[in-house]
Amino acid sequence: MRIYEYIIRRLILLIFVLFAVSVVIFYLLRGFPTGIAPWAAYINSKMTADQIEAVIKAHGFDRPLWEQYFYWLRDIFQGQWGLTGIWAQGRPANEVFFNHFSYTIELAVSGVILTVAIGIPLGIISALKNNKLPDHVSRVIALAGYSTPAYWFGFMLQLVFFYYFSLWGLPHLPSSGASTLGVSRITGLPLLDGLLSGNLAFSWDEFLHLILPAFSLSFISLGFLARIVRASMLEVLRQDYITMARSKGLTERVVIYRHALKNALIPAVTLTGIFFAALLGGAMITEYVFSWPGVGQQALRAVFQGDSNFLLVYSLVFAAIIVTANLVVDVIYAFLDPRIKY
Amino acid sequence: MKEQQSASAVPKGEWEARLADIKYTLHLFRKNPLVMAGTIISLFFIGLALSANIIVNPNLALPTGYTGGMYPFERKYMWSAGSIINWGPNIAIYKGPESFLLGTDGWGRDLAKMIVLAVPVDLYYAAIITITAAIFGTFLGAIAGYIGGVIDEALLRITDIFFAFPALVLALVFASLPQFGRSLDTLALALVLVWWPPYVRLMRGQVLSEKEKPYVEALKATGAGNTRILFRHVLMNAIYPILVQVTMDFGGVILTFSALMFLGFSPSPALPELGNLAADGYGHIFDAPWVILFPGIVMLIISLAFNLVGDGLRDVLDPRLRR
């Protein structure tokens, strides 16, 4: 099978998976007998019976479930993703989603950068000093990374770098939230907007706000990455071509950084794509802890309000991100590793 | 296949060979100090979980004898006087007759005792979730890999759908079911539903490579049935990576479970569970930091211990890495 045939096959599957996910989520959120009326999020206690009736009609909750689904599907393709509940003042769900999504992207991108910058060197050191002290130390750091409760670590960072640093009179980082200095909206990504519009003070402030949440977010995944890099480095170092390179009389540096590293980093490159998707979705806890105005925090509010419109958008966009990331990663893998055939 | 790898003892029979293999594995295991540390800590927490209700009276979680079943206000978010730790200026010091090792939580309870009570809850649910998901996923994966064809394709597509599922949406739906109530069991069910797909992939891959091996052909030639080949022979040889995955997942499940509790999916705010105890400290991070600090540290140690064991198991059981 040629690579483009493979991509087309995967794209068809991707559409199928998204369709199936949307059906299941729609059923779970709207049709599952939960005992809570699906329109509960869209009404308030001051409404009269007639007003409630109007809300039910407007959202289409009076129709049979399958009809609701197809109306919803049609609206999705027309770019009308339903209205949110009172927790977001009933604004369109896609507007609420994408307003906050840029913050989540900003956080996840910073998280991925930190993951790669710390995780890969840690993994390489671990492999080169296999079963010696540096390996044990980096192994503990890596394992501690993915054994750490994300909510706890975030609070500890706040406690030390904001509270105690300010108590001791040291320069301290902001504890929570994003920068509140205003910036004109160009790309939607606040940090980038600040740079593009020349508002450096804003960008710097946003950067300071970003450090703790980004580190907190990346701490979990950098452990994984370090372990993967270590394992693949060990695997590569055992192969014949490395012995060959050594027997040619090449120095150990050249063997490791020219010959071994290239092959050992292939899994790391692909894993980074998965991490990006996972960090986007996994940012929820970090956003909650740091009051970061990302989309995960909004989803959490929607969850406790039972706002099915927003949750449908949220889960579908994230499902799409996860399956697309998997596809992209598999394709990149094929380009990087010529041994892989589809 | 594993038997040939171990250097010691010429294999005599199936069970002697397996025993020799296990002995060699234990030997490798003992050589690694980190793994031994992980094993000892894990066993300590399992022992603590088993005896928690003897060490600490479980009724302390919901104190009686006070109005409204709650401790008086003077005990909430308090740190004992005379402690060596100085938290800073905003801390409330308890000057009453009792002394609390790790301070009190927002309910006025002794945090150290609540942590002891919380350990069995977390370990129990993490075990239930991991083992259920592993058995379910392994079974499906074995079938998909062994039978192949349409069933394989169908099972893989179903796992794809579950792979793309946000865990939180499932948790929400299950948490709001009136038939079950918002209980720990329904939350566990939600987590099982998002946790089984990796096992399908893992087991399927294992079975695919195992079933091409000569011993399967030999078994077929002797007239062994498919069920017997799959569940007695192929599964036995393919189970090691699953065991490693289970140990590694255990740490992850316990974190996810407590994180959901922390985010507010707990059935009762007074429940002693590590995530729930930490949630009590949300908003009190600067005037009662211990309420988040200590449950989190315990969670970290448990998760780290199991991950160390899993990590060591992987090295020890991987035939390419065992020397």
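Helix axes here are lines fitted to C-alpha atoms over the stretch in contact, and the angles between N-to-C directions run from 0 to 180 degrees. The model is predicted: local features need pLDDT of at least 70 and side-chain atom pairs count only at pLDDT 80 or more, while totals for chains, interfaces and linings use all residues. Residues are numbered from 1 along each chain as its sequence is written, and chains are lettered from A in the order in which they are written.

Confidence comes first. The predictor assigns the complex an ipTM of 0.83 and a pTM of 0.85. Per residue, its confidence is the pLDDT, on a scale from 0 to 100. Chain A has a mean pLDDT of 83, with 97% of its residues at 70 or more. For chain B the mean is 81, and 88% of residues reach 70 or more. Where pLDDT is low, the predicted coordinates should not be read in detail.

Within chain A, helix α11 (residues 266–290) packs on helix α12 (residues 295–305) at an angle of about 85 degrees, with the axes 7 Å apart. The two are therefore roughly perpendicular, a label for angles of 65 to 115 degrees. From α11(A), the contact uses A:Ala283, A:Met284, A:Glu287 and A:Tyr288; from α12(A), A:Gly296, A:Gln297, A:Ala299 and A:Leu300. Five of these residues are nonpolar, two polar and one charged (nonpolar: Ala, Val, Leu, Ile, Met, Phe, Trp, Tyr, Cys and Pro; charged: Asp, Glu, Lys and Arg; polar: the others, including Gly).

Between the chains, 35 residues of chain B are in contact with 42 residues of chain A. On the chain B side, α5 (149–163), α6 (167–175), α10 (226–265) and α12 (290–317) each give two or more residues. The most come from α12(B), with nine. By class, this side of chain B has 25 nonpolar, eight polar and two charged residues.

Notes. pLDDT = per-residue confidence, 0-100. Contact = placed C-beta atoms within 7 Å. Helix = DSSP H or I, 4+ residues; strand = E, 2+ residues; numbered from the N terminus. Parallel < 35°, antiparallel > 145°, perpendicular 65-115°, else oblique.
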